[in-house]
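Colleague: I am new to reading protein models. Please take me through this one step by step, starting with the terms I need.

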Amino acid sequence: MLNAISFMLIQGVCDEVLPDPVVCLKVQNQLCIRGSVRTSATSSSYEAFLGVPFAKPPVGELRLANPVPNDPWSGIYDARQPKLPCIQRIDLQTPAGNIVGDEDCLYLNVYRPSLVVESLPVVVYIHGGAFQYGSAAPSIVGPEYFMDNGKVILVTVEYRLGALGFLSSGCSVIPGNFGLKDQAMAIRWVKRYIHRFGGDPDLITVAGQSAGAASAQLHMMSPLSRGHFSRAIMISGSALSFWAAPSKDSAYVARQQLAVLGIQSFAEMSSKDILATLRGVKAYDLVKSIDNLKQVLGIVRSFHVYGPVVEPFVKRQSFLSDDPQKLWDAGDYEPIPWLAGLLPNDGLTFSSLGYKLNANPEIWSQIVPQLPYILTASIGLDLSAAPQIKSRFYPDSTSPEWLTSQNLNKLTDMVTESAFTYPLLHSIRSHLRNGYAKNAPISLYYFNFTGPYSYANYILPNSGQSLGICHSDELIYLFDSALLFPQLAPGSAGRIMSEKFVEFMVDFARYGITQPVSGSCQSLEQCSMNEFYNRDSDRRPVGMGQVSAIDRELLAFWDDLYVKQ
């Protein structure tokens, strides 16, 4: 049912202008799609085709099953209004509320500049959200800034999340990775049909942020996606990070999922019985139970309950055949140009929990004795790594618990390095060692621009602290997120930065390397990042500078910890 909150989440922010454009796919029967003409704040005209189905609704017997191509429709499909996002429990304090969306959600949105006269590069954007939440809705991932650029077609994709997207029995009965397979099917749909929208099927860039960035890197490794796109963009995320690592206890988690749903016989059930039982549970109840499941699994698992799994038991339709780090290090991936970037405080998305717990003295006092264990386990390490972690990030702490209310910023630094910087550096080094850099160049950026808005307002509302440029803040300059932030005013410093950042991305989608080419890696010795930053106190952007990409000391420190374990 479309309630007020859900409608607020999906509705667009631009008025429709007639006449409506119609695109015909011309496969089997004449499949035609009716979109709408819209106008951005700068009066750029673009066409939107919203809620286009790329797979059958994943309900009933298709719940917890691989996606199935959508059946042809009759007549003209009305794509003038967006669909609901995939059903999800939203942890952040946003206007969208708590549980929103629908199980019938495998749709994509296509945006193109009006009067396309040439074949344009295509960006397929995969939203983030820890594989648990997020949306391709135009009020969250608004296309206006890309459409103002006028030189690209943008596709945004919904995919299954949480238990519905990633629960696995650890065998072929419920193989898992359904959300990633949804993405792969959407990419193949774009490859097949985007020329009908004026897109170049040989210039498809798969881009994503956070979990979407990890997904983009995984698509380079997956046999279901290889050959269907020619560029990749990883915005603040990597498939080689601990938080994206394949679950090693997916069968146990599946049974615990049944337990928190009140299924008494969960321990004796076969995988087929587990599947049948979960298909009989209301989607709302399944999604709502995630809070109880987190309590059962503990604080360390609370950030990444569900995610990718390895599927050695599935041959023909396996999305991921082995551990991503093994595949990447062995060069077992599509060698295409890729672009990746970071923010100064990406780790705040995880370390925010420390701030929240510290604000509750009673809970804080209870977990203080466990902090060394929690801190090391939360970044994928065991307690043997504790002395080195303390020495690097909390050298002056006399408390045996290290972390105090005065040095919470060090927690952000620790997570930024371990969860974002190190996985990217590892990815770069392996790519260079694999000999792919010449034909599949790496481009890099560092987004260091402080603007008027920040996702910190939602990660830590009313914190009263200056938390810096935090995870997801660069998205404010790529997409018009009308539900969360005011639109960047034309001529403002933020809008000028947006124009530069979008052009940077579009140039990469077209040429396979950023312009200028200085932010690239040919070797560990010659590896730099294009930096976006503020010039001075008036906060006017000045294009790009350069910073070194490779911190050898940082790389060696985390190598020593992660390689040992």
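Modeller: Two strands pair if DSSP finds at least two bridges between them. Strands (E, at least two residues) and helices (H or I, at least four) are DSSP runs, numbered from the N terminus. This is a predicted model, where local features need pLDDT of at least 70 and side-chain atom pairs pLDDT 80 or more, while totals for chains, interfaces and linings use all residues. Residues are numbered from 1 along each chain as its sequence is written, and side-chain values use heavy atoms, without hydrogens or water.

Colleague: Which residue in E5 is the bridge partner of Ile 33?

Modeller: Strand E2 covers residues 32–34 and is joined to E5 by three bridges, with the two strands running parallel. In E5, the partner of Ile 33 is Tyr 77.

Colleague: Which strands are at the edges of that sheet?

Modeller: The open sheet has three strands in the order E1-E2-E5, with mixed pairing. An edge strand pairs on one side only, and that describes E1 (22–24) and E5 (76–78).

Colleague: What is the average twist from one strand to the next?

Modeller: The sheet to look at is E1-E2-E5. From one strand to the next, its twist averages 25°.

Colleague: Which residue takes a positive phi in the hairpin of E3 and E4?

Modeller: E3 (residues 36–39) and E4 (residues 45–53) pair in the antiparallel sense over four bridges, and Val 37 is bridged to Glu 47 in E4. Five residues lie between the strands, and the one with a positive phi near 70° is Ser 43.

Colleague: Are H11 and H15 roughly parallel or roughly antiparallel to each other?

Modeller: Axes are lines fitted to C-alpha atoms, for helices over the stretch in contact, with angles from 0 to 180 degrees between N-to-C directions. The axes of H11 (residues 348–358) and H15 (residues 408–433) come within 8 Å and cross at roughly 155°. Angles under 35 degrees count as roughly parallel, 65 to 115 as roughly perpendicular, over 145 as roughly antiparallel and the rest as oblique. H11 and H15 are therefore roughly antiparallel.

Colleague: How many charged residues are there in the contact of H11 with H15?

Modeller: Contact means heavy atoms within 4.5 Å. Among the residues that meet are Phe 350 and Tyr 355 in H11, with Val 415 and Phe 420 in H15. Ala, Val, Leu, Ile, Met, Phe, Trp, Tyr, Cys and Pro count as nonpolar, Asp, Glu, Lys and Arg as charged, and the others, Gly among them, as polar. The contact has eight nonpolar and six polar residues, and the number of charged ones is none.

Colleague: How many charged residues does the contact of H14 with H15 have?

Modeller: The axes of H14 (residues 386–393) and H15 come within 10 Å and cross at roughly 120°; H14 and H15 are therefore oblique to each other. Ile 389, Arg 392 and Phe 393 of H14 touch Lys 410, Asp 413, Met 414 and Glu 417 of H15. By class there are three nonpolar residues, no polar ones, and the charged ones number four.

Colleague: How far apart in sequence are the parts that Trp 243 and Phe 420 tie together?

Modeller: The whole structure holds 32 aromatic pairs (ring centres of Phe, Tyr or the six-membered ring of Trp within 6.5 Å; planes under 30 degrees apart are stacked, over 60 edge-to-face, the rest tilted). The rings of Trp 243 and Phe 420 have centres 6.1 Å apart and planes at 45°, so this pair is tilted. Trp 243 lies in the loop between E12 (231–235) and H6, and Phe 420 in H15, so the pair links parts whose separation in sequence is 177 residues.
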